[in-house]
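Please look through the structure shown here before reading on.

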Amino acid sequence: QVQLVESGGGLVQPGGSLRLSCAASGISFSINRMGWFRQAPGKQRELVATMTSGGRINYVDSVKGRFTIARDNAKNTVYLQMNSLKPEDTAVYYCNARRTISAGLVDYWGQGTQVTVSS
């Protein structure tokens, strides 16, 4: 059974930094893409950053220059370094792993970790 376990969330002051980690277990197939999504209260879940197994990276515009995604393919682990955090970054952050099968795409999700940016 596939499990994604996130860690690293918490409370931080504006301008501060946090590093999120996500380790995938129960994986017996190739993961095409890993990344992070977030959902703030009353808002839809949005993509934050993703990275393919080939190294292609995608960031939402609001985090470009502040967040950095990294991935260890051998360990099926993905990281999100978040710097210069803003109150609007407050959300539950979810780890995502995506694989491609003949029938289409399959997404796996972590349980989420809370990030709160507040003074």
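What follows covers a sheet, a disulfide, an aromatic pair and the contacts of an arginine.

This is a predicted model, in which local features need pLDDT of at least 70 and side-chain atom pairs count only at pLDDT 80 or more, while totals for chains, interfaces and linings use all residues. Residues are numbered from 1 along each chain as its sequence is written, and side-chain values use heavy atoms, with hydrogens and water left out.

Begin with the open sheet, where 4 strands are arranged in the order E1-E3-E8-E7 with antiparallel pairing. Strands (E, at least two residues) and helices (H or I, at least four) are DSSP runs, numbered from the N terminus. Two strands count as paired if DSSP finds at least two bridges between them. At the edges are strand E1 (3-7) and strand E7 (67-72), each of which pairs on one side only. On average, neighbouring strands of this sheet are turned by 15 degrees against each other, direction ignored. Such angles run from 0 to 180 degrees between N-to-C directions, and the axes are lines fitted to C-alpha atoms, for helices over the stretch in contact. E3 and strand E8 (residues 77-82) run antiparallel and are joined by 6 bridges. Within E8, Tyr 79 stands opposite Ser 21.

Next comes the disulfide (a pair of cysteine sulfur atoms within 2.5 Å). A search of the whole structure finds 1 of them. Cys 22 and Cys 95 form this link, with their sulfur atoms 2.0 Å apart. The pair connects distant parts of the chain, Cys 22 being in strand E3 (residues 18-25) and Cys 95 in strand E9 (residues 91-101), 73 residues apart. The angle about the S-S bond is -80 degrees, and the link is left-handed. Both Cys 22 and Cys 95 are buried, that is, under 20% relative accessible area, with exposed meaning over 50% and partly exposed in between (1.4 Å probe, protein chains only).

Turn now to the rings. Rings of Phe, Tyr and Trp (its six-membered ring) pair if their centres lie within 6.5 Å; planes under 30 degrees apart count as stacked, over 60 as edge-to-face and the rest as tilted. The whole structure holds 1 aromatic pair. Phe 37 and Trp 109 form this edge-to-face pair, 5.0 Å centre to centre and with 75 degrees between the planes. Phe 37 lies in strand E4 (residues 33-39) and Trp 109 in strand E10 (residues 104-109), so the pair ties together parts 72 residues apart in sequence. Phe 37 is buried at 12% relative accessible area, whereas Trp 109 is partly exposed at 37%.

Trp 109 also meets a charge: the charged end of Arg 45 sits over its ring, 4.6 Å from the centre. The charged end of Arg 45 sits over the ring of Tyr 94 as well, 3.7 Å from its centre. A charge sits over a ring if NZ of Lys or CZ of Arg is within 6 Å of the ring centre and within 35 degrees of the ring normal.
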